[in-house]
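Student: I have a model open and would like to learn how to read its features one at a time. Can we go through it together?

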Amino acid sequence: MTIATGLWDDRPVPLIELDGVSHAYGERAVLRDLTLRLEEHRIGVVGGNGSGKSTLARLLNGLVLPTAGRVRIDGLDTAHEGHQVRRRVGFVFTDPDAQIVMPTVGEDVAFGLRRLPRAEADRRSREWLERFGLADLCDHPAHLLSGGQKQLLALASVLVTEPDLLVMDEPTTLLDLANARHVAHLVAELPQQVVMVTHQLHLLDGFDRVLVVDDGRIVHDGPPADSLAHYEALVG
């Protein structure tokens, strides 16, 4: 399957800025004083369970707000301009059932386009269903799809809104190897910026930059080979 790239080829990569960012759930500190400038096309995030990497991902579209510091996407502050941020940042959860909200495949893809004229929404929905191999399942109950099909539906439902930045939190955890590779192939062909949190390190082949998170801090930041070697030494 090939994903056409014409929609975003001319868009600049968004600038992600974290300035002195910390986050705590109650008294439990999860992220501690992060300052980052992210402007690469493909950025990976790795770390152990409870390291803070999923919270870091959720900061990027305002699902989580910093307890201290500021998060900005191309100058838009997630705490004060969250609606504008979420129009530019698509988020894919670990479990696709967490974001499939409509009863059928076609309705779910169209849900994010409900403010568009009906003809335009229908055109874009059909286009993305075809790109992800789901066109024949348009009227199929979404909850009866396989795990791999649900993840493709979740991706299509986000990408149909044409975000500039796609944030993915463990998008292949529930998939078998074949479907994980399929999703990785689709993501590799997408023209917009991607930030991916993953335990499956092979998915980061070809990425530009990888952050290693441990105990709420960035403990390594560099090219994939260097960062993954650091991470493997950290957990080994």
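This is a predicted model: local features need pLDDT of at least 70, side-chain atom pairs count only at pLDDT 80 or more; totals for chains, interfaces and linings use all residues.

Student: How many residues does helix α5 have, and how far does helix α5 reach from its first C-alpha to its last?

Tutor: An α-helix has 3.6 residues a turn, so residues three or four places apart point the same way. Helix α5 covers residues 147-159, which is 13 residues. From its first C-alpha to its last it reaches 18 Å, close to the 18 Å expected at 1.5 Å a residue.

Student: Is α5 mostly covered or mostly open?

Tutor: Mostly covered: 11 of the 13 residues of α5 are buried. Among them are Gly148, Lys150 and Gln151, and the list also includes Leu152, Leu153, Leu155 and Leu159.

Student: What covers the buried residues of α5?

Tutor: The cover includes three helices, α3 (105-111), α4 (118-131) and α6 (177-189). It also includes the strands β6 (89-92) and β7 (165-169).

Student: Which feature does UniProt place at residues 16-235?

Tutor: The record, an unreviewed entry, places "domain: ABC transporter" there. Over residues 16-235 the chain is 33% helix and 28% strand, and the end C-alpha atoms are 28 Å apart.

Student: Now the charged side chains. How many salt bridges are there?

Tutor: To read one, look for a Lys or Arg side-chain nitrogen within 4 Å of a carboxyl oxygen of Asp or Glu. By this rule the count comes to 16 salt bridges. One of them joins glutamate 17 and arginine 37, with 3.9 Å from N to O. Glutamate 17 lies in strand β1 (residues 16-25) and arginine 37 in strand β2 (residues 28-38), so this pair ties together parts that are 20 residues apart in sequence. Arginine 37 is partly exposed, at a relative accessible area of 46%.

Student: Which side chain meets arginine 209 in a salt bridge?

Tutor: Glutamate 40 does, at 3.1 Å from N to O. This pair links distant parts of the chain, 169 residues apart. Arginine 209 is in strand β9 (residues 209-214), and glutamate 40 is in the loop between β2 and β3 (42-47). Arginine 209 counts as buried, at 12% relative accessibility, while glutamate 40 counts as partly exposed, at 23%.

Student: What about aspartate 77: buried or exposed?

Tutor: Aspartate 77 is buried, with a relative accessible area of 7%. It forms a salt bridge with arginine 70, and the closest N and O atoms are 3.0 Å apart. Arginine 70 is partly exposed, at 39%. Elsewhere, salt bridges that share partners join Glu120, Arg123, Arg124, Glu127, Arg131 and Glu162 into one network.

Student: Where do charges sit over aromatic rings?

Tutor: Check the distance from the charged end to the ring centre. Arginine 131 has its charged end over the ring of tryptophan 128, 4.6 Å from the centre. Arginine 114 lies over the face of phenylalanine 111, at 4.1 Å from the ring centre. As for rings with rings, the structure holds 2 aromatic pairs.

Student: How should I read backbone angles, and what is the phi of glutamate 162?

Tutor: Most residues other than glycine have a negative phi, and most peptide bonds are trans. Glutamate 162 has a positive phi of about 60° although it is not a glycine. It is in the loop between α5 and β7, and it is buried at 19% relative accessible area. Glutamate 170 also has a positive phi, near 50°. Its place is the loop between β7 and α6, and at 9% relative accessibility it counts as buried.

Student: Where does each of the two residues lie, and what does each touch?

Tutor: Glycine 44 is in strand β3 and is buried, with a relative accessible area of 0%. Leaving out residues up to four places away in sequence, glycine 44 touches residues including Met196, Leu204 and Phe207. Valine 195 is in strand β8 (residues 193-197) and counts as buried at 2% relative accessibility. With neighbours within four places in sequence left aside, the contacts of valine 195 include Ile43, Val45, Leu60 and Val167.

Technical notes. Residues are numbered from 1 along each chain as its sequence is written. Side-chain values use heavy atoms; hydrogens and water are left out. UniProt positions are given in the numbering used here, feature names are shortened, and annotations may be inferred rather than shown by experiment. Helices (H or I, at least four residues) and strands (E, at least two) are DSSP runs, numbered from the N terminus. The expected span of a helix is 1.5 Å times one less than its number of residues. Buried means under 20% relative accessible area, exposed over 50%, partly exposed in between (1.4 Å probe, protein chains only). Contact means heavy atoms within 4.5 Å. Rings of Phe, Tyr and Trp (its six-membered ring) pair if their centres lie within 6.5 Å; planes under 30 degrees apart count as stacked, over 60 as edge-to-face and the rest as tilted. A charge sits over a ring if NZ of Lys or CZ of Arg is within 6 Å of the ring centre and within 35 degrees of the ring normal.
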